[in-house]
Amino acid sequence: MLTIFGVPSAALFGQLLIGLINGSFYALLSLGLAVIFGMLNIINFAHGAQYMLGAVAAFLLLQFTGIGYWPALIVAPLIVGAFGIVIERTFLQWLYKLDHLYGLLLTFGLALIIEGVARNYLGSAGLPYALPESLRGGQNLGFMFLPNYRAWVIVVSLVICFGTWYAIERTRLGAYLRAATENPTLVRAFGINVPVMITLTYGFGVALAAFAGVMAAPIYNVSPQMGAELIIVVFAVVVIGGMGSILGAILTGFGLGIVEGLTKVFFPEASNTVIFVIMAIVLLVRPAGLFGRGA
Amino acid sequence: MLQRNGEAIGFVVMVVALMVAPFFTYPLFLMQAMCFALFACAFNLLIGYVGLLSFGHALYFGWASYLSAHAAKVWGFNPEFAILTGTLTAAVCGFLAGSLAIRRQGIYFAMITLALAQMMYFVALRIKFTGGEDGIQAVPRGKLFGFIDLSNETTMYIFVMVVFLAGFLLIYRIIHSPFGEVLKAIRENEPRAISLGYKTDRYKLIAFVLSATLAGVAGSTKAITLQIASLTDVNWPMSGEVVLMTLVGGLGTIFGPVVGAFVILAMQFKLSSVGEWVLVIQGVIFVTVVLLFRRGIVGEIAALFKR
């Protein structure tokens, strides 16, 4: 068997693939966080819980209404996104004038509520979600076996990430969004309804998390804890990438997924902590993050 | 020692209440509550007086409890040296994490402290001496200074109370010292403090290390009292819990964290039968306090008296 640096190539590429998959989720989630932070100035601690809700929604749709994976990919983010809009209108809108910390604390409370309710009704064990029929099987690439579903996840998240980046950085709507984060009063004077824009942005960010959740359902088990475990890693990704930058969120997400995968091959004990270690090093060298501007 | 009348009365009431309480409720519960109260006071030193929200204080609390438990059990240290070992551990961890975290402010600071704490949680999960999922159990309470037997419940209670009150008074002293005034100036307006010539980063780091160290005293004392050090103490929900305690009691009030710790612990104790719903109830309290009672219990009462 072919070996690279003393590691069987199949294992190396296998871990690289897992890293790329994890990276897809890091990128999607940190992208959602960045979008919400940009508009609302709130660190959405409930992001992990909303990701979990996406997976749970897909599971429940299949279980009780027979709605399968493909429709769920649209329906579940819509439901969870609508839930996000309700949250923004009932809770978050009162906090914009206060210290940012209150937003963090409130969404932390929301995360506890959502996770607690999920645990009560679903139990702590994971629930299986079957792969969609059309994406079973895989390709033999010669040097490794690539399951179709994993290839699909990587491609879709790349498309979504760069689609969002394009929408925000290159379109008129994105220009309004960026202008509103700089100076909401002025943008309002141009006749643009900024509060509605803020609400929809939060809904979009939440829907993005839920979308990631639906995509994660067939790979990881659907469990109430799945978001809580991920969110802290995503926070580290955000600190490394620099919160100001959409592109930073995407590139750091994928990059760190790969680094984590490689660590699992060469030094498995450190695979859980490597991202945090990188965060510490980046903070020493560039406190604003790799793609961040200022402090 | 205590400057303002209201605070002096409050302190006397607290001491009397702590002396009488064991006759009405479980001493073990009270000892645990005092450890958490000290932990919350240490946390409040940062958020309430410097304006820094550390979301990773479980790191200092938990690792101090591991090291003191290990020192007492494996190295056979007397309880006072075991607690000292844990406290020093927390101080070193606080210095390392603090030097990194104070490079950023506000929510970034919160996220960095949280991420660093989670890193050390994974370390605790992996390495041998922490006992992984089992934790360090059957920690001996030992003899204080070699002759005061702490296996006696009353002696233990008095010891924990002395530690708690000493920590509390130290924090009070820090807040009302010139050093504390600089901290408050940094909280109110950091650029102005810098322009006045204060090296604010150095002040923030010292405050961070002090807070981590006192959290370490709390964690070490808890490990000796309850005779166990476990993963729960070092995992992130613990960091959230100490935020909740302080928030409920009142950020930036001297008695707030104490009241908050007792309220939250009593709630968990009474509600232990409802299982996972405790999580939901804590979340609801979080949301309610942030939306409606940002001053917390003690803060609201103080505001009532001021009118």
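I began with B:A117, which, leaving aside neighbours within four places in sequence, is in contact with B:G56, B:L59 and B:V234; contact means heavy atoms within 4.5 Å. The model is predicted: local features need pLDDT of at least 70, side-chain atom pairs count only at pLDDT 80 or more, and totals for chains, interfaces and linings use all residues. Residues are numbered from 1 along each chain as its sequence is written, chains are lettered from A and ligands numbered from 1 in the order in which they are written, and side-chain values use heavy atoms, with hydrogens and water left out.

**B:A117**

I placed B:A117 in helix α5 of chain B. Helices (H or I, at least four residues) and strands (E, at least two) are DSSP runs, numbered from the N terminus. I noted B:A117 as buried because its relative accessible area is 4%. Buried means under 20% relative accessible area, exposed over 50%, and partly exposed in between (1.4 Å probe, protein chains only). I then took the pair B:A117 and B:F55, which are 62 residues apart in sequence and 8.3 Å apart in space, C-alpha to C-alpha.

**Nonpolar core**

I looked up the largest nonpolar core and found 225 residues in it. Such a core is a set of buried Ala, Val, Leu, Ile, Met, Phe, Trp, Tyr and Cys residues joined through side-chain atoms within 4.5 Å. A:M215, B:L53, B:F55 and B:F164 have the most contacts inside this core. Helix α2 of chain B (residues 27-47) gives the most to the core, with 17 residues. I listed the residues that B:L53 touches, not counting those up to four places away in sequence: A:L101, A:L104, A:L105, B:F43, B:I47, B:F109, B:A110, B:T113 and B:V243.

**Chain B against chain A**

I counted 38 residues of chain B in contact with 47 residues of chain A. The area buried between the two chains is about 4,000 Å², and carbon and sulfur atoms give 81% of it. Buried area is the accessible area (1.4 Å probe) that two parts lose on being put together, summed over both. On the chain B side, B:I107, B:M111 and B:W236 lose the most area to chain A, together 17% of what that side buries.

**Helix pair in chain A**

I checked α6 (residues 172-182) and α8 (residues 194-216) of chain A, which pack at an angle of about 110 degrees with their axes 11 Å apart. Axes are lines fitted to C-alpha atoms, for helices over the stretch in contact, and angles run from 0 to 180 degrees between N-to-C directions. The contact uses A:Y176, A:L177 and A:A180 of α6(A), and A:V194, A:M197 and A:T201 of α8(A).

**Positive phi**

I noted that most residues other than glycine have a negative phi. B:A138 is not a glycine, yet its phi is positive, about 50 degrees. I found B:A138 in the loop between α5 (106-126) and β1 (143-144) of chain B, and it counts as exposed because its relative accessibility is 62%. B:Q227, also not a glycine, has a positive phi of about 60 degrees. B:Q227 sits in the loop between α9 (200-226) and α10 (236-249) of chain B, and at 31% relative accessibility B:Q227 counts as partly exposed.

**Two places in chain A**

I located A:G66 in the loop between α2 (47-65) and α3 (69-90) of chain A. A:G66 is exposed, with a relative accessible area of 54%. A:L60 lies in helix α2 of chain A and counts as partly exposed at 33% relative accessibility. I recorded A:L60 and A:A72 as 12 residues apart in sequence and 9.9 Å apart in space, C-alpha to C-alpha.
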